[in-house]
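Please read them with the structure open.

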Amino acid sequence: MNQRHKYQSAFLAAFPNTLPILTGFAFLGFAYGLLMSANGYGPIWSFLMSSIAFCGSMQFVAVTLLTSPFAPLQALYMALMVNARHLFYGLSMLEKYKGIGKVKPFLIYVLCDETFSIVNSKEPPEGVDRAAFYFFVSFLDYFYWVTASTLGGLFGSAIQFNTKGLDFVLTALFIVIFLEQWMEGKNHFSAVTGIACSIICLMLFGTGNFIIPSMLLILFVLSLYRKFRKGDIPSCT
Amino acid sequence: MYLTPIQALIIIFAIALGTMLTRFLPFLLFPEKKTPPAYITYLGKVLPSAIIGLLVVYCLKGVSFLSFPHGMPEAAAVLSILFLHIWKRNTLLSIAGGTIVYMVMVQFVFI
């Protein structure tokens, strides 16, 4: 297989998987660029933040940081807390990204929620290069976000059509991936644990602070499960 | 701009540093050459579906059942996704269908 064909087939396999993310990021990235502009940070700043930090929801939080007295340590701390869930993505991708080669640092750099949900649940089709497939999924998502947020800064105020509710596309993406995992696996302990622990922590800690307690509770329950379940644990969903 | 360009850049780099620590840490702690402990391998197997569950709850966290519209648009959208996905099992169709139902609900039905 020649090089060109290798990349072409990987791109063609990757692109359809990123369509929901294209829709969601086009909308949310645009909204982000617009919000930045409205706060005095033009398209170049949206471009810099999106391309360097690339962290979706944290970037919205960061608008507040950019419009308050200079507090870099607070920014670092908030980024760690808001993005702590990435620790779980890394743990889940250790095996899949093993031996993937030179692109690995880039794949890790841009491992956001949406990219994780695709690279974790989709295998490249027969005959498609793994590294190239994961690269294109990751790169396209990154490209959509950076481009949309820059364009939002440039033209945001000129767009006038009713997009209310369009951001639901990313929620829908996660729900469908959840369903897919559910339909594929036989053991649903982990999936139920994820939903139940998150809802419990959401009720106990409120919308602003429930992610980290949820992660800890999930870890705790899954560790107990490993301890008390005898024998080999089948692939869990 | 509220901050000076240099200050704004420092904020961007601070956020990037925090974010990248969370993304790179697992790979730095468990490099390819060493076999990770069995517990970590176990977590790598069971965590994905738990996290996707967490992400679903995270996306729906703002839904209030007590005040109007009582989570009705979200419920309608989630049910359409369930129905479409069990019926056709086509990822893009389910996502597009659910999103359109949600948009119709928030723009025309529950205003």
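1. Chain A falls into two domains, with domain 1 covering 3-180 and domain 2 covering 186-231. The model is predicted, and the points below should be read with that in mind.

2. The centres of domain 1 and domain 2 of chain A, taken over C-alpha atoms, are 25 Å apart. Contact between these domains involves five residues of domain 1 and seven residues of domain 2. Together the two domains of chain A bury about 530 Å² between them. Carbon and sulfur atoms account for 94% of that buried area.

3. Chain B is built from four helices and has zero strands. Read from the N terminus, its elements follow the order α-α-α-α. For 111 residues the globule rule gives 13 Å, whereas the radius of gyration of chain B is 21 Å, well over that value, so chain B is more spread out than a compact globule. Its C-alpha trace spans about 50 × 50 × 30 Å along the principal axes.

4. How much of chain B is buried? Buried residues account for 48% of its 111 residues. The accessible surface of chain B is about 5,800 Å², and 75% of this belongs to carbon and sulfur atoms. Of the contacts in chain B between residues at least 6 apart in sequence, 38% link residues at least 24 apart.

5. The largest nonpolar core contains 98 residues, and A:Tyr97 and B:Ile15 have the most contacts inside it. Helix H2 of chain B (residues 38-59) supplies the largest share of this core, 13 residues. At least three residues of the core come from each of domain 1 and domain 2 of chain A. As background, nonpolar side chains in soluble globular proteins tend to be buried together.

6. Which residues does A:Tyr97 touch, not counting those up to four places away in sequence? In chain A they are A:Lys104, A:Leu107, A:Leu111, A:Val119, A:Tyr134 and A:Ser138. In chain B they are B:Phe27 and B:Glu32.

7. A:Asn83 sits in the loop that runs between helix H5 (72-82) and helix H6 (86-93) of chain A. Is this residue buried or exposed? A:Asn83 has a relative accessible area of 0%, so it counts as buried, the cut-off being under 20%. With neighbours within four places in sequence left aside, A:Asn83 is in contact with A:Cys55 and A:Met58 of chain A, and with B:Thr19 and B:Thr22 of chain B.

Methods. Residues numbered from 1 in each chain as written. Chains lettered and ligands numbered in written order. Predicted model: local features only at pLDDT ≥ 70, side-chain atom pairs only at ≥ 80, totals over all residues. Heavy atoms only, no water. Core = buried A, V, L, I, M, F, W, Y, C linked by side-chain atoms within 4.5 Å. Buried < 20%, exposed > 50% of the residue type's maximum accessible area, 1.4 Å probe, protein only. Helix = DSSP H or I, 4+ residues; strand = E, 2+ residues; numbered from the N terminus. Domains from an automatic or database assignment. Contact = heavy atoms within 4.5 Å. Rg over C-alpha atoms; globule rule 2.2 N^0.38 Å. Areas by Shrake-Rupley, 256 points an atom, 1.4 Å probe, with all protein chains shown as cover. Buried area = accessible area lost by both parts, 1.4 Å probe.
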